[in-house]
Amino acid sequence: MKTSVFLAGLAVAGLAAAAASASTLSDVQKRGVLNCGVNTGLVGFGAPDANGHWTGFDVAMCRAVAAAVLGDSSKIKFVPTSGETRFTALQSGEIDMLARNSTWTFKRENDLKLTFVGVNYYDGQGFMVKKSLGVSSAKELGGATICVQTGTTTELNLADYFKQHNMQYTPISIKNDAEGKQQFLAGACDAYTTDASGLAALRATFEKPADYVILPEIISKEPLGPVVRQGDEQWASIVRWTLYALIEAEELGVTSKNLEELSKGTKNPELNRLLGSEDNLGGMIGLDKLWAKRAIAAGGNYGEIFEANIGTSTPIGLARGLNAQWNKGGLMYAIPFH
Amino acid sequence: MSLAEDRPDSGFRLSKLVYDSRYRGYTIQALFLCALFIAIGWLLSNAAANLARLGLSPSFDFLWNRAGYDISLKLIHFTNDSTHGRAALVGLVNTLFISVLGCITATVLGVIVGVLRLSKNWVVARLMTVYVEIFRNVPLLLWLLIIYAVLTAVTPAPNAYRGANPSAHMWFWGSVAITNRYIALPAPMFTHSLGFADLGIFWISLDFVALVAVIVAGVLINRVILRRASRIQEATGKRPTTWWSTLLLILGPPVVLLFALGLHWDFPALKGFNFRGGVLAPNSIFALWFGLSAYTAAFIAEIVRAGILAVSKGQTEAAHALGLRPGRTMSLVVLPQALRVIVPPLISEFLNLTKNSTLAFAVAYADLGATLGGITLNQSGRALECILLMMLIYLIISLVISAVMNVYNRSVRLKER
């Protein structure tokens with residue numbers, strides 16, 4: 001008798017579990033708030049300022065999506081995630097999307113059942129050392145103690161690189177950037193390794209940034225991009241095309257300044273389709289005509305977001321490099337809005 | 001006989017399950033068990049259904065995949081070509097290593113503090129009170145963080161030992177260097193080494209095995225001689241002098257062996273970024289070891305104090321009346337009786353220490369939580385599997401500790417005949 005009750009219980013439970021979750025878009029619209037997973041604090045990419053207002057390159061992606069979907073770039077609940085918790089948070093439905101300098105890899109997409117909707121920053125892993133160490137190349141780091149953030153592709157790249165170059169090293173696995181900074185500044189490790197953009201962001205928070213150099217070697221490809229769960233193609237499309245809308249806007253010369261004027265209609269049909277004065281692209285992904293206009297209005301086009309958060313005029317001081325438009329020597333290439 | 005005939009003998013009826021107090025207990029227990037199984041089944045099937053909805057099926061295959069990362073502290077063979085399973089094993093060995101070290105020092109420290117807290121010396125007793133209250137009332141994580149931060153911030157970087165006029169100097173005639181990464185110690189080397197034996201997952205030095213063997217042999221032979229001395233003492237009233245044979249048996253063989261093997265020391269020296277040669281013991285070990293020991297010792301001290309106070313005062317007075325000095329009274333009369341009270345709660349403290357070692361992440365010590373529950377979890381993305389496996393492993397460790405300590409408890413508890 002006990003077994004049959006047990007089986008009946010299982011059946012009931014199975015039914016209860018099946019009745020969850022329909023579409024992420026309707027969930028978000030019903031909730032009125034976008035749950036966006038971001039870094040716990042990486043200046044330039046995702047960090048709260050002194051007033052608790054989240055800013056950064058990845059945060060701008062959240063804001064653009066919120067503007068496109070909810071019509072208000074401030075209706076976001078930012079969920080700080082660590083390197084370890086980010087994908088679980090996404091899988092469990094705690095967040096609707098993840099914009100947290102996460103590398104797009106085969107295993108993450110196919111083994112963890114996640115969809116990387118695109119690349120918003122082409123990065124690569126580098127090393128930072130104290131200038132006084134007199135090291136000018138990563139190949140001179142044999143025997144060094146290296147601080148590496150745990151729970152990232154960084155650890156694997158590091159092991160591979162030193163193996164390829166037949167060098168020894170001692171890894172110190174640190175939990176987050178704050179701890180890594182403390183260890184690195186105290187001299188507990190000779191070098192700090194993470195994505196080159198992260199190194200630049202970290203260096204900007206040092207007291208004397210000029211005393212530290214980022215070595216020229218980039219030892220890996222790190223395409224960073226926003227992530228959503230697999231199984232909801234519509235939601236993936238919304239996030240993907242919001243990203244492309246920002247990139248396309250830069251290519252077409254749409255900025256936050258001329259946006260209003262251009263959205264009234266121009267001679268360029270592609271631009272008109274993007275901004276909604278012609279055709280109804282938004283309707284095809286469950287949104288309205290003006291979704292892309294609102295997304296661009298939230299923080300400007302891709303180039304504006306880049307310059308405002310991590311560009312050469314900011315303390316982070318990153319050059320566009322690979323992240324320039326495709327027609328300017330970079331890899332940023334929006335899929336056409338046809 | 002007539003009583004038996006009067007009793008209604010209707011056998012078992014279904015209604016008895018509710019109305020008969022003899023059976024009601026079983027009914028309630030059965031219902032409770034059913035409810036429990038349903039609850040557990042619901043949780044399991046809910047997790048399974050949700051995982052299936054995400055397209056994730058629980059699997060432990062990843063344990064046989066290449067790990068691809070390096071671990072700085074490893075007591076068994078491991079390279080980045082080893083499997084995730086082996087990485088978990090490295091973490092497990094590290095966890096056991098720090099737990100055993102911690103349990104030993106926490107017990108020693110705890111007993112000393114517990115005894116001293118009852119000292120008649122006002123200053124000593126109060127100092128111990130301060131120690132206990134400070135350590136037991138601040139979370140362990142904070143202790144670990146502060147100890148590690150101090151070790152990192154106060155000690156010099158290896159670079160400080162460089163050059164003709166270094167800003168830091170090595171200790172003990174240039175043999176030991178304390179840095180903010182590790183403590184570099186000289187390592188024993190042997191000219192005529194016996195080599196190493198490969199035990200599958202780790203190498204063991206045969207020199208070390210030989211050394212342990214001669215020491216154990218010396219102690220055993222010494223024990224025989226002491227027993228003979230006691231026999232002679234009981235028979236004749238005169239104890240033969242044994243101190244020189246004891247000294248010879250304990251010290252002699254190891255010295256001869258070390259000399260025969262050609263013992264010399266490999267001193268650490270600064271080469272490149274770090275010290276080379278010798279033994280480099282990472283600071284994370286010391287921070288975690290000290291933190292766990294000092295914290296748990298505060299609790300053990302209280303247990304020891306309670307145990308001692310539980311022994312009737314008459315025992316101490318009787319011992320004094322027999323002419324035993326306070327030290328011997330404590331070790332011969334009071335502590336053996338107090339152990340009975342001390343051991344059961346001591347088991348809990350050992351379990352706590354082992355489980356608290358998961359805070360190793362705060363000091364970058366590669367324990368089970370850092371390998372299986374940290375890097376492997378992230379690289380494989382198998383959060384549920386990794387955490388379940390970790391829970392199972394800690395459960396087994398704890399049950400083993402409990403079992404061993406229960407055996408010990410049985411040997412010290414009051415034998416009632």
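What radius of gyration does chain A have, with its 338 residues? It has 22 Å, which agrees with the value near 20 Å that a compact globule would have. The radius is taken over C-alpha atoms, and the globule rule is 2.2 Å times the number of residues to the power 0.38.

Some ground rules. This is a predicted model, in which local features need pLDDT of at least 70 and side-chain atom pairs count only at pLDDT 80 or more, while totals for chains, interfaces and linings use all residues. Residues are numbered from 1 along each chain as its sequence is written, and chains are lettered from A and ligands numbered from 1 in the order in which they are written.

Staying with chain A, the C-alpha atoms fill a box of roughly 75 × 60 × 40 Å along the principal axes. Of the 338 residues, 49% are buried, meaning that 20 or more other C-beta atoms, placed from the backbone, lie within 10 Å of the residue's own.

Now chain B. Helix α12(B), residues 326-356, packs against helix α14(B), residues 383-412, at about 165°, with axes 10 Å apart. Helices here are DSSP runs of H or I, at least four residues, numbered from the N terminus. Axes are lines fitted to C-alpha atoms over the stretch in contact, and angles run from 0 to 180 degrees between N-to-C directions. The pair is therefore roughly antiparallel, the word for angles over 145 degrees.

Among the residues making the contact are Leu339(B) and Phe350(B) of α12(B), and Ile397(B) and Tyr408(B) of α14(B). Contact requires C-beta atoms, placed from the backbone, within 7 Å.

Notes:
Buried ≥ 20, exposed ≤ 12 C-beta atoms within 10 Å, placed from the backbone. Helix = DSSP H or I, 4+ residues; strand = E, 2+ residues; numbered from the N terminus. Parallel < 35°, antiparallel > 145°, perpendicular 65-115°, else oblique. Contact = placed C-beta atoms within 7 Å.
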